[in-house]
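This report walks through one structure for a reader who has not seen it before. Please look at the sequence and the model first.

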Amino acid sequence: VPSCDVIVGPGNKWVTAAKSIVSGPCGIDMLAGPSEVLVIADETANAEVVAADLIAQAEHDVVARAILLSNSQKMIDDVDTAVAEQLTSLPEPNQSTAREAFKQSFAVLCDSVDACIAISDDIAPEHLEIQTKDAMEVGMKCKNYGGLFVGEHAAEVLGDYGAGPNHTLPTGGTGRYTGGLSVFNFLRIRTWMRIDDKEASQPMVNDSIVMARLEGLEGHARAAEARSTTVEPAYKIQKQNGGN
């Protein structure tokens, strides 16, 4: 296999391990952890739909996380009941995988939808579903996530199979500072500098001389002095003094 500059895309823990080994000499998009979904649901949500979405995430892996945040205890109870009922008809090995995943998944009863948003932003889930009244308004208040799915009909599973720009998304809270795989992973920011007006550059030259010596980098200071119109370079002064 010939070498390359960038390796990107989804995969299991073995793919992630391989990407971690080559990272550095080769660019990667991210080190993705276990998959996760977080659903914010109020009393208007359809408990059976929410349960189906949580199960869809849980069947990915025994370490996947399915999280429910709600301001309604009844909704949490109804979703728990629906999950238990739907799991019984899920075929194997998917059922066993999902049951293991649910052991580390959880639901949180919040005082308000705004409190749900605050917790979600702290978790920064890979997939964030909003199943509430005024779902778009709620979604626009959320800041940290990999992919946002607004409303009951915007199933995360549709993002898996074609709806939306991409589905290689940040996990493990990394959505607080990065986003999913995109064209930006194939772009580089390259900077360059050109100075034609020597006189106009002198304030910057003088600042560089001072700052370099404050850092103890004499070679840096002398490189700046070599471009100064007002300061005699230190190496010339030493040469004139016989090298002392």
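Predicted model: local features only at pLDDT ≥ 70, side-chain atom pairs only at ≥ 80, totals over all residues.

Which residues are exposed on the other side of α9? Gly-219 and His-220 are the exposed ones there.

## Helix α9

The buried residues of α9 are Ala-221, Ala-224 and Glu-225. They lie on the same side of the helix, because the arc they cover around the axis is only 105°. An α-helix has 3.6 residues a turn, so residues three or four places apart point the same way. Among the elements that cover these buried residues are α8 (202–214) and α10 (234–240).

Glu-225 belongs to α9, which spans residues 218–225. Its relative accessible area is 3%, so Glu-225 is buried. Setting aside residues up to four places away in sequence, Glu-225 touches Ile-209, Arg-213, Val-231, Glu-232, Pro-233 and Ala-234.

## The sheet

Five strands form an open sheet with parallel pairing, in the order β5-β4-β3-β6-β7. The edges are β5 (106–109) and β7 (147–150); each has a single partner strand, so one side of each has no neighbour in the sheet. On average, neighbouring strands are turned by 15° against each other, direction ignored. Strands of a sheet pair through backbone hydrogen bonds, either parallel or antiparallel.

Within this sheet, β3 (residues 36–41) pairs with β6 (residues 127–131) in the parallel sense over five bridges. Gln-131 in β6 is the bridge partner of Ala-41. Helix α5 (residues 113–123) lies across β3, β4 (65–70), β5 and β6, and runs at about 155° to β4.

## Strand β7 and its link to β6

How many bridges join β6 to β7? The two strands run parallel and are joined by four bridges. Leu-148 in β7 is the bridge partner of Leu-128. Between the two strands the chain passes through helix α6 (residues 135–141), and this β-α-β crossover is right-handed.

The covered face of β7 holds Gly-147 and Phe-149, while the uncovered face holds Leu-148 and Val-150. In a regular strand the side chains alternate between the two faces of the sheet.

## Cysteines

The structure holds zero disulfides. The closest cysteine sulfur to that of Cys-26 is in Cys-4, at 4.2 Å, which is too far for a bond, because a disulfide needs the two sulfur atoms within 2.5 Å. Cys-116 is in no disulfide either, and the nearest cysteine sulfur, that of Cys-110, is 3.6 Å away.

Are Cys-26 and Cys-116 buried or exposed? Cys-26 counts as buried at 7% relative accessibility, and Cys-116 is buried with a relative accessible area of 1%.

## Thr-171

Thr-171 sits in the loop between α7 (156–160) and α8. With a relative accessible area of 5%, Thr-171 is buried.

Which residues is Thr-171 in contact with, leaving aside its neighbours within four places in sequence? They are Ala-32, Gly-33, Pro-34, Glu-36 and Glu-126. Thr-171 and Tyr-145 are 26 residues apart along the chain, and their C-alpha atoms are separated by 8.6 Å.

Terms used. Residues numbered from 1 in each chain as written. Heavy atoms only, no water. Pairing = 2+ DSSP bridges. Axes fitted to C-alpha atoms, helices over the stretch in contact; angles between N-to-C directions. Contact = heavy atoms within 4.5 Å. Buried < 20%, exposed > 50% of the residue type's maximum accessible area, 1.4 Å probe, protein only. Arc of directions from axis to C-beta. Right-handed = clockwise from strand over helix to strand, strands pointing away.
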